Amino acid sequence: MSSTSVSILVPLTGPAPELPSTLESVEQYLQTTGFEFDVRVLDSRDGDGYGAMIRRGASEAKGSVIVIVDSDLPYPVNAIGDAVALIESGSAEVVFGNLASASSAVLRWFLVPILPDPRLHLKAFSSDAARLLIGESKINDGGFDLELAYLANKYGFRIESLHANSNANAKPSFGAISGFRSVIAIRLTDRSNGYRAPRRCPVCFSSEVWSWAQIPGNVVRACSRCKSRYLNHFDVTDDAQPVRRELRPNAPAAETSDETAHAQTAREKTSFSRLAALRKQVASRARILEIGVRDGTFGAAASREYEYVGIDTAVAIARAARGKGLEVYCSALTGFVNTGPAFDAITLFHVFENMPDPHDALARMKDLLKPGGVLLLTTFDTEGILYLISERTRMAHNFRTHLILYSRSALIELLEHSGFEIAAVSPAFEYRDHRFLRHWVATRWPALAPIANAILRILPDPLLVSSGSIRIIAKRRAGPPMDVRAIRSVEPTHAR
Ligand SMILES: [Zn+2]
């Protein structure tokens, strides 16, 4: 037996609803599913509208899933089960029933990209989503559906469309004109703070945030103030045990192998160019901490001239790097305890994006650095042109490992508020070998592959390319940082 309880709301909106057969088939169907259920027929009291009916019904509904069903049931009754399954499986918190043909492109443009179908009432909500969305709604007429869609976006609920095989011929709940009137009403209510604010941006604490894209199992949120993008839910286990650095009596012997003796891989060449940038900032034999060591190529290069320490959260990576003779600990930044003197420089190459709390991370890095110490980090730039043109197609890929993607201005502001001063911001180039580039072109634009191959033949291998990333060099200020945490202690950040 399932413990799922379903509350069915049937608003009576049509002129002559064929209600008895609807109720009978819904109840018969739900009995076969094993769900606990209750069905509420909502009629118009005192001439109040559709929105008011739903609010009244939802306030009394006790189910863990709340489903709104059309009174004439113009689709197979198992669509209800499909909607409940989407909510129960956790793949969505809000489900909108949709017909095949998409419409209302103009309304989508003015409001939010995902709207319910005006010809269907079929919708399902998790009880949390229903409480917040229906509770915050204000509109009484058919524009209520648009308001739900707007609020679902505002509060970062994950929405799925359910294609209902329907022969609906009911009056649409909103048309182009009435819909537009509702859009204006919704926008005005929002502008006058008529709706509760969503959880704030984790980078700049602005509440001007909205859902930017729905990706499998998650929602990407965007901040209109600092232009950062971030995942709605972080699945981060933050129970890091402290890992103490073990000081060694002697620094590892510097290898004197000639870097140019053998053909370098793209990764090695990238590491050397990063090292060259670091060399301009710190003297030789300086103490360097790398956070996120990856394949250890930077560590191998850096340990020849610096006292190198690396940390990485992945056991296998830390072990492989230790196998190369590097001083690498399997630790998160939060758990790492430096028992030696403070570091002269900290480097992070595309790692800062994976940290769930940027303010905490920067405070810890500041503690690990000596005053005047250098922070060198590379990251995507969500304001960069290359990022912007490829963003939509690479959304799910970008957020497979990353939690927050920063804009250049957000990072600069964040660093300055965390006790650093910016020394330089420049584009970050990386080396890619021809095999990678050929594959990259062939999978995206197969027609261009012969031309690209011909061009590559006359270019050096590996080739220096830009992925739209930036390199920021910042220095630890001596004075105390501004207290941004005071803001955070008042308002919770993140979705809802
Ligand atoms: Zn922000």
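**Exercise 1.** Determine which residues of helix H14 meet which residues of H15, and classify the contact.

Step 1. His434, Leu437, Arg438, Val441 and Ala442 of H14 meet Ala449, Ala452, Asn453 and Leu456 of H15; contact requires C-beta atoms, placed from the backbone, within 7 Å. Helices are DSSP runs of H or I with at least four residues, strands are runs of E with at least two, and both are numbered from the N terminus.

Step 2. By class, this contact has six nonpolar, two polar and one charged residues. Ala, Val, Leu, Ile, Met, Phe, Trp, Tyr, Cys and Pro count as nonpolar, Asp, Glu, Lys and Arg as charged, and the others, Gly among them, as polar.

The model is predicted: local features need pLDDT of at least 70, side-chain atom pairs count only at pLDDT 80 or more, and totals for chains, interfaces and linings use all residues. Residues are numbered from 1 along each chain as its sequence is written.

**Exercise 2.** Describe how the axes of H14 (residues 434-444) and H15 (residues 449-457) are arranged.

Step 1. The two axes come within 9 Å and cross at roughly 160°. Axes are lines fitted to C-alpha atoms, for helices over the stretch in contact, and angles between N-to-C directions run from 0 to 180 degrees.

Step 2. H14 and H15 are therefore roughly antiparallel (under 35 degrees is roughly parallel, over 145 roughly antiparallel, 65 to 115 roughly perpendicular, the rest oblique).

**Exercise 3.** Give the strand order of the open seven-stranded sheet and the helix H11 packing on it.

Step 1. The order is S13-S12-S11-S15-S16-S19-S18, with mixed pairing; two strands pair if DSSP finds at least two bridges between them.

Step 2. The edge strands, each pairing on one side only, are S13 (327-330) and S18 (420-432). Neighbouring strands are turned by 20° against each other on average, direction ignored.

Step 3. S11 (residues 287-291) and S12 (residues 307-312) run parallel and are joined by five bridges. Glu290 has Gly310 in S12 as its bridge partner.

Step 4. Helix H11 (residues 358-368) packs on the sheet, touching S11, S15, S16 and S19, and its direction makes about 140° with that of S16.

**Exercise 4.** Are Lys227 and His350 buried or partly exposed?

Step 1. Lys227, in the loop between S8 and S9, has phi near 65°. Lys227 is buried, with 20 other C-beta atoms within 10 Å (buried: 20 or more; exposed: 12 or fewer; partly exposed: in between).

Step 2. His350, in the loop between S15 and H11, has phi near 55°. With 18 C-beta neighbours inside 10 Å, His350 counts as partly exposed.

Key:
Contact = placed C-beta atoms within 7 Å.
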